Amino acid sequence: MTEYSRKRMDELAQPGVMTNEQAAFRIVALRSMAQIKSRREIGEMIHVTEDAITKVEHGDNRPSWELMVKLYEYTNVDPTFIVTGDYDRLPVSVRDELFAHLVLTEEKDRRRQKA
């Protein structure tokens, strides 16, 4: 992981803070961890449109409770992580897997910004 990626991830996963951007970063990582391939798929699970999920993942809207609970069902990551970013309260096995997906999410964001 590059120094930029580490700094950016620390900023976005900052405990106790939930901006829309931080929530979006956490949601995208959890969707990846849950192996839910598309926004449409998760949207159908909670009865919202793909556009609604896109707005959450782009940081335009905050995630609904239903979305956070659905991701919990797939990942065992407590919904409070999305709100608080308190990575240290997660079980170690979940933390390690989530960390890998946070890194992947950040790397994809950087590539997309360069394009």
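1. Leu 71 belongs to helix α5. Leaving aside residues up to four places away in sequence, Leu 71 touches Ile 27, Leu 30, Arg 31, Ile 36, Ile 42 and Asn 76. For Ile 27, the C-alpha atom is separated from that of Leu 71 by 8.2 Å, although the two are 44 residues apart along the chain.

2. A word on confidence before going further. This is a predicted model. The chain has a mean pLDDT of 83, and 88% of its residues reach 70 or more. Where is confidence lowest in the chain, and where is it highest? It is lowest in helix α1 (residues 3-12), with a mean of 64, and highest in helix α4 (residues 50-57), with 95. I would keep those two values in mind while reading the points below.

3. Now the overall layout. The chain holds 7 helices and 0 strands, and its elements from the N terminus on read α-α-α-α-α-α-α. Of its 115 residues, 40% count as buried. Among contacts with a separation of 6 or more, 58% are between residues 24 or more positions apart. The chain exposes about 6,800 Å², and carbon and sulfur atoms supply 49% of that area.

4. In soluble globular proteins, nonpolar side chains tend to be buried together. Here the largest nonpolar core has 24 residues, and those with the most contacts inside it are Leu 30, Leu 67, Leu 71, Val 77 and Leu 98. Which helices each supply at least two residues of this core? They are α2 (20-33), α3, α4, α5, α6 (79-84) and α7. The largest share, 6 residues, comes from α2.

5. Not counting residues up to four places away in sequence, Leu 30 touches Leu 71, Thr 75, Val 77, Ile 82 and Leu 98. Three of the names in this list, Leu 71, Val 77 and Leu 98, are also among the core residues with the most contacts. The contact between Leu 30 and Leu 71 turns up again in the list for Leu 71.

6. Which residues of α7 are buried? They are Val 94, Leu 98, His 101, Leu 102, Val 103, Thr 105 and Glu 106. Of these, Leu 98 is one of the residues with the most contacts inside the core.

7. On to charged pairs. Side chains of opposite charge can pair when their charged atoms come close. A search of the whole structure finds 5 salt bridges. In one of them, the side chains of Glu 50 and Arg 40 meet at 3.2 Å, N to O. This pair links distant parts of the chain, with Glu 50 in helix α4 and Arg 40 in helix α3 (residues 39-46), 10 residues apart. Glu 50 has 34% relative accessibility, so it counts as partly exposed.

8. Other pairs sit within a single helix. Asp 51 and Lys 55 meet in a salt bridge at 3.5 Å, N to O; both lie in helix α4, 4 residues apart, about one turn of the helix. Asp 51 is partly exposed at a relative accessible area of 44%, and Lys 55 is partly exposed at 35%. In helix α5 (residues 65-75), Lys 70 and Glu 73 are 3 residues apart, about one turn of the helix, and the closest N and O atoms of their salt bridge are 3.0 Å apart. Salt bridges also link Arg 31, Arg 39 and Glu 57 in a network.

9. Not counting residues up to four places away in sequence, Asp 60 touches Asn 20 and Lys 55. Asp 60 and Glu 21 are 39 residues apart in sequence and 8.0 Å apart in space, C-alpha to C-alpha.

Terms used. Residues numbered from 1 in each chain as written. Predicted model: local features only at pLDDT ≥ 70, side-chain atom pairs only at ≥ 80, totals over all residues. Heavy atoms only, no water. Buried < 20%, exposed > 50% of the residue type's maximum accessible area, 1.4 Å probe, protein only. Contact = heavy atoms within 4.5 Å. Areas by Shrake-Rupley, 256 points an atom, 1.4 Å probe, with all protein chains shown as cover. pLDDT = per-residue confidence, 0-100. Salt bridge = Lys/Arg side-chain N within 4 Å of Asp/Glu carboxyl O. Core = buried A, V, L, I, M, F, W, Y, C linked by side-chain atoms within 4.5 Å.
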